[in-house]
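Dear colleague,

My notes on it follow directly after.

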Amino acid sequence: MAREHIYSEEEFPSPIRQLWYTFRNTPVAMIGFSCYLFLVFIAVFGSFITPHDVLENNLDQLLVPPAWSDEGNISYLLGTDDLGRDMLSRLIHGTSLTFGLSFVVVIFAMTIGVIIGSISAITRGVKSSFLTHFLDVILSTPSLLLAIIIVAILGQGLENVLWAIALVSIPQFIHVTRNAIKEEQKKGYVLTPILDGATETRVLITSIYPNIIDKIIIQATLAQSAAILDIAALGFLGLGAPVPMPEWGSMLKNSLDLFYIAPWTSYLPGLAILFTVVVTNLVGEGLRHSLKLQKDN
C-alpha cells in the first residue's frame, strides 16, 4: 500500500507533485514505471544496440532456436526466423515501431484533443451540444473498428495506420478534457480570477489546467495501451507495416505458419506486445490509484 506523504505547513506542492509523491510509494506502479522507462530507452536507442542487421537474410542460419536450446547459438540469443534474421535485433527495432510510434500518436492526439476539449468546455449553445452528442456516438464504437474503417479509406501502410489511430484517440481526450474543465468550473477558486477580470483563456491556463493535467496524463497512458494493441492488430491483419519491417504485429502474422516447427518466432513478438501493454497499464493504474488516494486525503 502507498505511504501517505506528510507536508510541512510551508509546503504547497502542485497536483502533479502530489501525484508523484503518492505514485512513487506504490511498489507495483514503480515497477511498471521502471519497465516503461526501459522501453523508452530501447525505443530511442534500439537501432544503436541491435547485434545484427534487422533486414539481413542469413540463409546459413535459418530457424536457429534460442540460445538456451540444445541447438541454439549464442550469437543469436533469441534465435532466428525463416530467413535467418536475428529475432532479438528485430524485437529491439520493433520497439520503436510498435511502442515508440504509439507514444508519438498519443502525444499528437492529446494535443489536438485537449485544444478541442477546452474550446468545447468554454463554448455554450448548439455547438457544444452537437459536439457532446457526436462524441457519444464515436466513443460508443470500438476504436479498432473505427481504425480499420479509416485505414480502408486511406489505404494500407504504417503511416495511414498511425493517422487512423490518432483520429480515433482524439475524441477520448476531448471527452476527458471537456468533462474535467466543466467540473473545475463549478469550484469556487475559478470565480476569483474571473471576478478580477481575467479572460476564460487565462483562467484555463493559470487555474484550471494545473488541476486537470493529472487526469489528462492518466488518459494518455490508457490511450497508449490501446494504441499499442491497435498498431499490432492492424499489422497482424496485414494493414500496417510492410513485410520487411519488424513491427511486432506483422512479425506475429508472418510467423503463424512456423508455430509448430519454430514456436519462438511467434511467441516472442506476442510476449513483447503483452509485456508492453501490461507495463503501460500498470503505469496507468498506478496513476489512477494515486489520484484516488490524493483525493481521499
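Where is the place of Leu63? Leu63 belongs to the loop between helix 2 (27–49) and helix 3 (87–121). Please bear in mind that this is a predicted model. The phi angle of Leu63 is near 50 degrees, a positive value in a residue other than glycine. With a relative accessible area of 26%, Leu63 is partly exposed, because that class covers values between under 20% (buried) and over 50% (exposed).

The surface also deserves a comment. A nonpolar patch is formed there by Phe108, Leu145, Ile149, Ile153, Leu154 and Trp163, and together these residues have about 590 Å² of accessible area. Which helix gives the most to this nonpolar patch? Helix 5 (residues 143–154) does, with 4 residues. Ile153 is found in helix 5, and its relative accessibility of 67% is why Ile153 counts as exposed.

Turning to the aromatic residues, the structure holds 7 aromatic pairs. One of them is formed by Phe259 and Tyr260, whose rings lie 5.4 Å apart centre to centre with 85 degrees between the planes, an edge-to-face pair. The angle is over 60 degrees, and the pair therefore counts as edge-to-face. As for accessibility, Phe259 counts as partly exposed at 39%, whereas Tyr260 is exposed, with a relative accessible area of 77%. Elsewhere, Trp20, Phe23 and Phe33 are linked into a cluster by ring pairs.

With kind regards

Definitions and conventions:
Residues are numbered from 1 along each chain as its sequence is written. This is a predicted model: local features need pLDDT of at least 70, side-chain atom pairs count only at pLDDT 80 or more; totals for chains, interfaces and linings use all residues. Side-chain values use heavy atoms; hydrogens and water are left out. Patches are made of residues with over 30% relative accessible area and no salt bridge: like charges are joined within 9 Å, nonpolar side chains (Val, Leu, Ile, Met, Phe, Trp, Tyr) within 5 Å. Accessible areas come from the Shrake-Rupley method with a 1.4 Å probe; for residues, only the protein chains shown count as cover. A salt bridge is a side-chain nitrogen of Lys or Arg within 4 Å of a carboxyl oxygen of Asp or Glu. Helices (H or I, at least four residues) and strands (E, at least two) are DSSP runs, numbered from the N terminus. Buried means under 20% relative accessible area, exposed over 50%, partly exposed in between (1.4 Å probe, protein chains only). Rings of Phe, Tyr and Trp (its six-membered ring) pair if their centres lie within 6.5 Å; planes under 30 degrees apart count as stacked, over 60 as edge-to-face and the rest as tilted.
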